[in-house]
Amino acid sequence: MTHLNKSGNKGFGGTTGATHTIYVYNITETKQIKKQGISSYSQTVIPQTILQGRQPDTIKIEGKLCKVSEVTQYLNALSGYRSVNTLYNVFLPCSILIGSSTNCPEINGNWIVDTFKIKRNLQKRDLVLFELVLNKWYEALVA
Amino acid sequence: MSDEIRFRFLKEEKGADGSSIWSSGVTSPPVNIEDVSVTTQALTQIISEGPTPKIIPYGVKGDGGRVASLVGTFSGYSMDTSQNVQMDEYLDVLQDDPKLVGYGISITGTNAKLLLPELGIPGETRWRIEQFSWDRAARQLGQWKFNITLGYIWDATKNEIKLYDDGIGTNTKEHVKFSAALGIGRSNFAAGTPIYSPKITTTMHDLNRATFKTPTTIFSRGDIIHIYCETDKYKAIFFGEIREAKNNSDGTSSYDCVEIGTLLQRVPCAKMAAGLFKPKIKIPNPYKKGTYYSLNAFISKIMRIYASSQIKEYDPGMGVDKSGNGNSPYIPGSEQYIPAQLLSGMNVLAALDNLVEKQCGMHTWFDNDTGKLEYGYLRDIKTINPTTEYIVNTVKESSLSGDFEPDYVILCDNNGYYARSMEGDVRGKSYMVYKIDTTLVDAQLRERAIQIANALKRDASTYVVSFPAGTVKFRDGDVFAGLGDQTVDPVMEWRGGEDTDPTSNPTDEVWQVRELIITDSYTQCIVGSSYYSILDIFQNSLKPVAEMPVLTETKDVTTNNRVVAPTVSE
């Protein structure tokens, strides 16, 4: 149902948010199809796979968010966009990210955030690392 | 003071209204964090069929949506047994007090925010302890090492995951509260007792049902209750009697309820008089030569039987006509008079349904506040407020209109006479046979056959439309002033306006609520067309049959032979 051209939960209002520059250590992109298989139960029946469609492209980025000592400075850039300005809210799930990069061209395009994880461990105490799982966003952004 | 991180333990208690109250407890000794991670997850629906997959984002996941995981040690606590007792106080999360539900932590300590920024704002951000395990390895210096899984406690006052424009309904709650008030009179949400896990199922074809639970036994079997939702505090969403009250092993009570109209099933349509032969209860029609009762006159007569022996002070009234046909003596949509009603052996509700549903093809409803009887095709028109009552999801149900659309229809009546909806050469065309349980003249048979063929060609799709929690203003039988969903494929067509003549004209059809399920986390409507085709009007007397009855005729044939006495000769 559309009302004033907005579809409620299934559409985005198109408000632009913050810009992040992130340091990527590892980036993997997965493209997957969805298929259904019919097994062969006899010598004369050929097994088949029927293509049903494709899963959304998934990209997983791992990298460094910032140093622990620079967290306050890092979060300052987001203070206008986040009512709870903390590290775990740097990327909000279900928000749309528009990626652009010259050395990571896989990221170019529109993505929707599926999972965002921040982590820090004993071996690298001073770095806040992150993992970001994004699904490709195929629809247009409503202005 | 040196920089350090400590945990402040919080205790969760359940308040009287079901909300959680957190109170501060002890503060732990300083901790060393070895490993920390916080994962936040989205809730989406992915449809991966067709050339382009589609992602429907719902927001952040509720249960397990944000989870933190910590591994660390408590500073300075080792195998020194004189200190073990104190550690138990922090680490033992199982308590005897039944009011306490669990423990939480919040970060505290000098400059804790700089040392552990991952867990939010010290003193403000709270995490619920989902799992806490600890061990001590004697060989590795005997440090108390813990592994803790935390679930984020979302602060309802902060709009921290706000992604959409205002006014598109994302401020609606995920869970809403319900309460049940005892008594036959009207009440409201505040006067009722809080209930949980409610599920109210309403359908046009049967009495509404409700199930819910309470933490302790409050109601008993036979109690009359109204159920209210916090989003509409003065309009009940269910009015009925508790049919069954069960005590569960965990101390809670479960209740099964039936709509208030069930009380009409307890009064028979009979005069209990002395004597061997009980009088037949019949409403004759015509009651005087040439004078016929109207539909609402019939209904009042049936309801008067209940009114003279009310149960539990329930007064449904004489019936409110929502069809516009109440004053007519004809079966709606036809030229036949309503037949005389034989009521012996039936209870009042059965007699009512027999007349209104089976013979006239309408529906009966009971008002949720007063319990007053209403009857008709369409109930009230409801307008959707798109900021709070937006469609969460739409799914097309499989069409119930039949296996295929025949090219023509053959209709037979009780005498075996039949008519076709299409004249001329029917070679190569598919057909279906219907039988109507009455006798009609040829012209009427043919007209009906054409109506049936047209009704079968219509698209009678139904859709399951989900609304967010707390959408309780729709009732079974209500129609939407405007509803459609362009975001699904195939598109659910937009139908707006008012259906002024549901039995004769399908072009102004609107969406009508056929069934409705209300729970504390969603509202789901099954909507179908408001147009009453001939198949709906004559639903019980019109049936598809597999084979036509063979027309037989008897004919007397006279031969002119005479039988004479035989002669016998030897």
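Let's start with a network of salt bridges: B:Lys322, B:Asp367, B:Asp380, B:Lys382, B:Arg475 and B:Asp478 are linked in it. By salt bridge I mean a side-chain nitrogen of Lys or Arg within 4 Å of a carboxyl oxygen of Asp or Glu. Side chains of opposite charge can pair when their charged atoms come close.

A quick word on the ground rules. This is a predicted model, where local features need pLDDT of at least 70 and side-chain atom pairs count only at pLDDT 80 or more, while totals for chains, interfaces and linings use all residues. Residues are numbered from 1 along each chain as its sequence is written, chains are lettered from A in the order in which they are written, and side-chain values use heavy atoms, leaving out hydrogens and water.

Over all chains, the search finds 25 salt bridges. Take B:Lys312 and B:Glu241, whose closest N and O atoms are 2.7 Å apart. B:Lys312 sits in the loop between helix H3 (295-307) and strand S16 (320-321) of chain B, and B:Glu241 in strand S13 (residues 238-247), 71 residues apart. Helices (H or I, at least four residues) and strands (E, at least two) are DSSP runs, numbered from the N terminus.

Buried or exposed, what is B:Glu241? At 4% relative accessibility, B:Glu241 counts as buried, while B:Lys312 is partly exposed at 38%. Here buried means under 20% relative accessible area, exposed over 50%, and partly exposed in between, with a 1.4 Å probe and protein chains only.

Next, B:Asp476 and B:Arg379 meet in a salt bridge of 3.4 Å, N to O. B:Asp476 lies in the loop between strand S25 (462-468) and strand S26 (479-480) of chain B, and B:Arg379 in the loop between S19 and strand S20 (381-382), so the pair ties together parts that are 97 residues apart in sequence. Both B:Asp476 and B:Arg379 are buried.

Now to the meeting of the chains. Chain B brings 62 residues to the contact and chain A brings 48, where contact means heavy atoms within 4.5 Å. How many salt bridges cross the interface of chain B and chain A? The rule finds one: B:Glu118 with A:Arg120, the closest N and O atoms being 2.6 Å apart.

Strands meet there too. Strand S6 (residues 109-121) of chain A runs antiparallel to S3(B), joined by seven bridges; two strands pair if DSSP finds at least two bridges between them. Within S3(B), B:Ser37 is the bridge partner of A:Lys119.
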